[in-house]
Amino acid sequence: ATVDSQVEVFKSRADAAGDFRKGTSAPVLRCLGRWLRDEVEKEIPGVRIVSARLVSRPRLGDRAVLYRVVMDAPAQAATVRVFVDLLGFQRGRTAVTLSFGSAERPLGGQIVLARKVLARAR
């Protein structure tokens with residue numbers, strides 16, 4: 001399992017909100033899905049994206065989204081289901097993306113961790 005984070009602090013709240021809206025638009029999300037597939041393909045040849053969808057818009061900060069990408073990856077004589085959850089949120093001038101990856105089933109605790117990070121955002 002993996003958990004990763006990216007934090008950006010913008011010059012203004014309006015800049016952060018604009019970046020969030022643009023980054024969660026349908027065209028950007030399609031591009032992100034292709035990029036994720038290509039990156040995983042480099043590590044695991046033969047990986048196949050099963051689904052990519054918006055899971056929810058959790059109540060975090062000024063705005064938030066939670067996406068889930070499900071992939072099937074070949075592993076020896078079997079196929080392993082891989083889950084990647086991307087949780088993005090914005091508060092004030094701060095934009096955060098948390099990614100959670102695991103095999104077999106999605107990781108839990110995304111919102112709990114996000115609230116801890118959100119407590120430090122300005």
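Author: Let's begin with pairing: two strands pair if DSSP finds at least two bridges between them. Helices (H or I, at least four residues) and strands (E, at least two) are themselves DSSP runs, numbered from the N terminus. Here, β1 and β5 (residues 94-103) run antiparallel and are joined by eight bridges. Inside that pair, Gln-6 sits opposite Thr-97 of β5.

Reader: Before we go on, what kind of model is this?

Author: A predicted one: local features need pLDDT of at least 70, side-chain atom pairs count only at pLDDT 80 or more, and totals for chains, interfaces and linings use all residues. Residues are numbered from 1 along each chain as its sequence is written, and side-chain values use heavy atoms, with hydrogens and water left out.

Reader: What is the order of the strands in the sheet?

Author: As a general idea, strands of a sheet pair through backbone hydrogen bonds, either parallel or antiparallel. In this model, five strands form an open sheet in the order β1-β5-β4-β3-β2, and the pairing is antiparallel. β1 (2-9) and β2 (48-56) are at the edges with a single partner strand each, so one side of each has no neighbour in the sheet.

Reader: And which helix packs on the sheet, touching β2?

Author: That's α2 (residues 26-43), which also touches β3 (63-75) and β4 (78-91). Its direction makes about 35° with that of β3. For such angles, axes are lines fitted to C-alpha atoms, for helices over the stretch in contact, and the angles run from 0 to 180 degrees between N-to-C directions. Touching is a matter of contact, meaning heavy atoms within 4.5 Å. Helix α3 (residues 110-118) lies across β1, β3, β4 and β5, at about 30° to β4.

Reader: Which residues are buried in helix α1?

Author: First the cut-offs: buried means under 20% relative accessible area, exposed over 50%, and partly exposed in between (1.4 Å probe, protein chains only). In α1 (residues 13-23), Ala-16, Ala-17 and Phe-20 are buried. Looking down the axis of α1, its buried residues fall within an arc of 95° (taken from the directions from the helix axis to the C-beta atoms), so they line one face of the helix. Ala-14 and Lys-22, on the other side of α1, are exposed. The cover over the buried residues includes β3, β4 and β5.

Reader: How does Arg-37 count, at 35% relative accessibility?

Author: As partly exposed. Arg-37 belongs to helix α2. Leaving aside neighbours within four places in sequence, Arg-37 is in contact with Val-47 and Ile-49.

Reader: Last one: what pattern does the protein follow along the sequence?

Author: It reads β-α-α-β-β-β-β-α, with three helices and five strands. The radius of gyration, taken over C-alpha atoms, is compared with a globule rule of 2.2 Å times the number of residues to the power 0.38. For this protein the radius is 15 Å, close to the 14 Å that the rule gives for 122 residues, so it is as compact as a globular protein of that length. Of those 122 residues, 34% count as buried.
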